[in-house]
Amino acid sequence: MSILITFFTAPDDTSAAAVLPTGPGRAFESVSFGGFDPEEAAVEWEHLLTGADPEELLDADEPRTVADHGDGDSGCLVFALSPRLSTALATAEPATLRSAATAWTHLRAEDGERIDADIASAIMDDLAALATTAAGENHGVYCWIA
């Protein structure tokens, strides 16, 4: 499980990869969280918001890694949210986000992980706002994990 999770906007993969050593800091708009596996969450969110098959997403190597230290679980990682997930987040109605957040807490509970429903809703709302900003700037949404 990661210690720090920061989702951020960036104009391209090269710019996003450049944050690998230290995180996005103030270079890009970002939101930070902790306490869940963001790669697994991205697959679950895409499934919940778009109906995409989780196995197909994993087979397609989603979410797509942009940069990593190559030393397994002990290093930092940057990955990109798929354009489909970014669009779904940016265009989702508040009720859709709440429904997805609730469903996500149930999925995590099935795996023995407890995520508070209010926190899950806040995460979804913050990510939707970030995705909306990214869309307006023609940027992608990325995640830095440390």
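1. Ser-99 sits in helix H5, which covers residues 94-110. With a relative accessibility of 49%, Ser-99 counts as partly exposed, because the exposed class begins over 50%. Ser-99 and Pro-24 are separated by 75 residues in sequence, and their C-alpha atoms are 30 Å apart in space. The model is a predicted one, and these values, like those below, are computed from it.

2. Helix H2 takes in residues 38-50.

3. At the start of the helix, a side-chain oxygen of Asp-37 comes to within 3.0 Å of the backbone nitrogen of Glu-39. After the helix comes Gly-51, with a positive phi near 85°.

4. Which residues of H2 are buried? They are Pro-38, Ala-41, Ala-42, Val-43, Glu-44, Trp-45, Glu-46 and Leu-49. Glu-44 and Glu-46, both in that list, take part in salt bridges, Glu-44 with Arg-108 and Glu-46 with Arg-84.

5. The structure has 6 salt bridges. In the one between Glu-44 and Arg-108, the closest N and O atoms are 2.6 Å apart. Glu-44 belongs to helix H2 and Arg-108 to helix H5, so this pair ties together parts that lie 64 residues apart in sequence. Are the two partners buried or exposed? Both Glu-44 and Arg-108 are buried, and the relative accessible area of Arg-108 is 3%.

6. Arg-108 also forms a salt bridge with Asp-111, at 2.7 Å from N to O.

7. The salt bridge between Arg-84 and Glu-46 has an N to O distance of 2.9 Å. Arg-84 is in helix H4 and Glu-46 in helix H2, so the pair ties together parts 38 residues apart in sequence. Arg-84 is partly exposed, with a relative accessible area of 45%. Glu-46 counts as buried at 4%, because the limit for that class is under 20%.

8. Glu-46 also lines a cavity. The count gives 1 cavity of 30 Å³ or more, and the largest cavity has a volume of about 50 Å³. Its lining is made up of Ala-42, Val-43, Glu-46, Leu-57, Glu-62, Pro-63, Leu-81, Ser-82 and Leu-85. H2 supplies the largest share, 3 residues. By type, the lining divides into 6 nonpolar, 1 polar and 2 charged residues.

9. Two of the residues that line this cavity, Glu-62 and Pro-63, are joined by a cis peptide bond with omega about -5°. Pro-63 is in the loop between helix H3 (54-59) and strand S3 (64-68). Asp-61 is also placed in the loop between H3 and S3. Its phi is near 60°, a positive value in a residue other than glycine. Asp-61 is exposed, with a relative accessible area of 58%.

10. A positive phi of about 60° is also found at Asn-138, which is not a glycine. Asn-138 is in the loop between H6 and S5 and counts as exposed at 69% relative accessibility.

11. The second largest pocket holds about 210 Å³ of space. It is lined by 17 residues, and those closest to its centre are Pro-83, Ser-86, His-139, Gly-140 and Val-141. Helix H4 (83-91), helix H6 (117-136) and strand S5 (140-145) each contribute at least two residues to the lining. Which element gives the most to this lining? H4 does, with 5 residues. The lining divides into 9 nonpolar, 6 polar and 2 charged residues.

Definitions and conventions. Residues numbered from 1 in each chain as written. Predicted model: local features only at pLDDT ≥ 70, side-chain atom pairs only at ≥ 80, totals over all residues. Heavy atoms only, no water. Helix = DSSP H or I, 4+ residues; strand = E, 2+ residues; numbered from the N terminus. Expected span 1.5 Å × (residues − 1). Buried < 20%, exposed > 50% of the residue type's maximum accessible area, 1.4 Å probe, protein only. Polar contact = N/O pair within 3.5 Å; in protein donor to acceptor, adjacent residues only side chain to side chain. 1 Å grid on protein atoms, 1.4 Å probe; cavity = no way out; pocket = protein on both sides within 12 Å on 5 of 7 lines; lining within 4 Å. Points joined across faces, edges and corners; volume = space filled by probe spheres on them. Nonpolar A, V, L, I, M, F, W, Y, C, P; charged D, E, K, R; others polar. Salt bridge = Lys/Arg side-chain N within 4 Å of Asp/Glu carboxyl O.
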